[in-house]
Amino acid sequence: MLLHRILGRTLFAAARSEASPAGAAATKAYNPLEAFFEAERSQEEDTPVVYGRSWKASELRLKSWDDLQKLWYVLLKEKNMLMTQRQMLHAQNLRFSNPERLPKVRKSMCRIKHVLTERAIEEPDPRRSAEMKRMINAL
């Protein structure tokens, strides 16, 4: 939240200035850089935000290959957002507000790789198993 306020004027100024005044009033322009920052919270909200826990391997074993792949990319996007925030705050000598979130994301990503590796090992076809292992190692 603090980072978004600090950098909002400088980092996103170019994208906002490119939008026409008539178009800006009707719809908000999409800026792909905003995916690397958390949504801004209003100042009236005094309650702290509670973030979830990491995924358990037993929960991940119940998911399909496609669901795990989608979850992997959601976690990758979250990890990139958190690392971007941490780096920007570190450059400004500010404190990262939720440092416990990054280990949760990393742990979930490691567990997804573990579950996919288990599935690749259990695959009876050696060629398909080798292909699955190559895909997992590319993650």
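Predicted model: local features only at pLDDT ≥ 70, side-chain atom pairs only at ≥ 80, totals over all residues.
Mentor: A salt bridge here is a side-chain nitrogen of Lys or Arg within 4 Å of a carboxyl oxygen of Asp or Glu.

Trainee: Let's look at helix packing. How are α5 and α6 oriented to each other, roughly parallel or roughly antiparallel?

Mentor: Helix α5 covers residues 65-91 and helix α6 covers residues 101-122, and their axes lie 9 Å apart. The angle between them is about 155°, and angles over 145 degrees count as roughly antiparallel. The crossing of α5 past α6 is left-handed. The two helices are therefore roughly antiparallel.

Trainee: How many nonpolar residues does the contact of α5 with α6 have?

Mentor: On the α5 side, the contact includes Trp 65, Leu 68, Leu 71, Trp 72 and Leu 75, and on the α6 side the residues include Leu 102, Val 105, Met 109, Ile 112 and Leu 116. By class, the contact has one polar and seven charged residues, while the number of nonpolar ones is 15.

Trainee: How do α6 and α7 lie, roughly parallel or roughly antiparallel?

Mentor: Their axes come within 8 Å and cross at roughly 165°. Since angles over 145 degrees count as roughly antiparallel, α6 and α7 are roughly antiparallel.

Trainee: Which residues of α7 make that contact with α6?

Mentor: From α6, the contact uses Lys 113, Leu 116, Thr 117, Arg 119, Ala 120 and Ile 121. The residues of the contact divide into five nonpolar, two polar and three charged. The α7 side is made by Ser 129, Met 132, Lys 133 and Ile 136.

Trainee: Now the salt bridges: how many does a search of the whole structure find?

Mentor: One of them joins the side chains of Glu 78 and Arg 101, at 2.4 Å from N to O. Over the whole structure, the search finds five.

Trainee: In that pair, is Arg 101 buried or exposed?

Mentor: Glu 78 sits in helix α5 and Arg 101 in helix α6, 23 residues apart, so the bridge links distant parts of the chain. Glu 78 is partly exposed at 25% relative accessibility. For Arg 101 the relative accessible area is 7%, which falls under the 20% cut-off, so Arg 101 is buried.

Trainee: How far apart in sequence are the parts that Arg 61 and Glu 118 tie together?

Mentor: Their side chains meet in a salt bridge of 2.9 Å, N to O. Arg 61 lies in the loop between α4 and α5, and Glu 118 in helix α6. Arg 61 is partly exposed at 41%, as is Glu 118 at 24%. The pair therefore ties together parts whose separation in sequence is 57 residues.

Trainee: Which residue forms a salt bridge with Arg 134?

Mentor: Both partners lie in helix α7, three residues apart, so about one helical turn separates them. Arg 134 is exposed at 52%, and its partner, with closest N and O atoms 2.9 Å apart, is Glu 131.

Trainee: What is the phi of Asn 93?

Mentor: Most residues other than glycine have a negative phi. Asn 93 is found in the loop between α5 and α6, and at 72% relative accessibility Asn 93 counts as exposed. Although Asn 93 is not a glycine, its phi is positive, at about 55°.

Trainee: One last one: how far apart in space are Tyr 51 and Asn 98?

Mentor: Tyr 51 is found in the loop between α3 and α4. Beyond residues up to four places away in sequence, Tyr 51 touches Glu 38, Asn 98, Arg 101 and Lys 104. Tyr 51 and Asn 98 are 47 residues apart in sequence, and their C-alpha to C-alpha distance is 9.1 Å.

How values were computed: Residues numbered from 1 in each chain as written. Heavy atoms only, no water. Axes fitted to C-alpha atoms, helices over the stretch in contact; angles between N-to-C directions. Helix = DSSP H or I, 4+ residues; strand = E, 2+ residues; numbered from the N terminus. Parallel < 35°, antiparallel > 145°, perpendicular 65-115°, else oblique. Left-handed = near helix turned anticlockwise from the far one by under 90°. Contact = heavy atoms within 4.5 Å. Nonpolar A, V, L, I, M, F, W, Y, C, P; charged D, E, K, R; others polar. Buried < 20%, exposed > 50% of the residue type's maximum accessible area, 1.4 Å probe, protein only.
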